[in-house]
Amino acid sequence: MDSLEANKAIAAVLTAGIAFMVAGLIGETLVREQRPAQSAIKVATAAAPEAAAPAAPAAPAAVPIATLLASADPAAGKATAQKLCAVCHTFDEGGKAGIGPNLYGVVGGPHAHMAGFNYSDGMKAKAGPWTFDELNEWLTKPSAYVPGTRMAFAGISSDKDRANVIDYLHTLAASPEPLPAPPK
Ligand code: HEC
């Protein structure tokens, strides 16, 4: 290759390089990468990890448990509890603990209400009695209400099923707590 040929070759390479860069710059100016503000696919909150997008719009206001309880059905709740909870819990007075504590008298009782049961630290740290509101929050998503809970249960996403179960739990007492008055 004589020197003229070599120069031509070098020039060709340079030209190609410059053309490539310019094309890149133009391309970048014309096509700005745009990300949607929110995901097009809505992930069910029960499955969403703790690190949900901070910009996500607030969840729609939850229906108050008092409203849900006004039309709840404890018999249906018992059936649901047998299906979802009985693998770990007993419900009869004086019933033994399973993987979870016995639930007789839990409504209105203190958190970690069963003597001798090995509760998580998070549950033991919860002050005050189990109110209807708190049970509603707990059964919506146990891991959110008591981080580090030992109750390996995702929660009941259906308002109706959850209210039925809470209505049933409240019957498990010698003198059941009165149901909360529905808001006017
Ligand atoms: C896989 C086993 C398991 C299932 C299923 C389960 N639980 Fe539990 N539950 C537990 C454990 C374990 C605890 C103790 C949690 C802790 O210490 O953090 C608990 C605690 C509770 C408590 C608090 C009791 C107290 O004494 O403070 C309530 C109320 C409760 N469960 C209700 C339910 C209901 C209602 C269902 C069904 C919808 C259910 N659980 C399903 C294992 C389970």
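A: **Helix α5 and its surroundings**

In this predicted model, helix α5 spans residues 132-140, and its buried residues are Phe132, Leu135, Asn136, Trp138 and Leu139. Viewed down the axis of α5, these buried residues fall within an arc of 165°, so they line one face of the helix. The background to such a pattern is that an α-helix has 3.6 residues a turn, so residues three or four places apart point the same way. The buried residues of α5 pack against α2 (65-70), α4 (121-124), α6 (142-145) and α7.

Helix α7, one of these partners of α5, covers residues 159-170 and also meets helix α3 (residues 74-84), the two axes coming within 7 Å and crossing at roughly 100°. Because angles of 65 to 115 degrees count as roughly perpendicular, α3 and α7 are described as roughly perpendicular to each other. On the α3 side the contact is made by Pro74, Ala76, Gly77, Lys78, Thr80, Ala81 and Gln82, while α7 contributes Asn164, Val165, Asp167 and Tyr168. By residue class, this contact of α3 with α7 divides into five nonpolar, four polar and two charged residues.

Two cysteines deserve a separate remark. Cys85 has 15% relative accessibility and therefore counts as buried, whereas Cys88, at 24% relative accessibility, counts as partly exposed; the cut-off that matters here is that buried means under 20%. The structure holds zero disulfides.

Conventions:
Residues numbered from 1 in each chain as written. Predicted model: local features only at pLDDT ≥ 70, side-chain atom pairs only at ≥ 80, totals over all residues. Heavy atoms only, no water. Axes fitted to C-alpha atoms, helices over the stretch in contact; angles between N-to-C directions. Helix = DSSP H or I, 4+ residues; strand = E, 2+ residues; numbered from the N terminus. Parallel < 35°, antiparallel > 145°, perpendicular 65-115°, else oblique. Contact = heavy atoms within 4.5 Å. Nonpolar A, V, L, I, M, F, W, Y, C, P; charged D, E, K, R; others polar. Buried < 20%, exposed > 50% of the residue type's maximum accessible area, 1.4 Å probe, protein only. Arc of directions from axis to C-beta. Disulfide = S-S within 2.5 Å.
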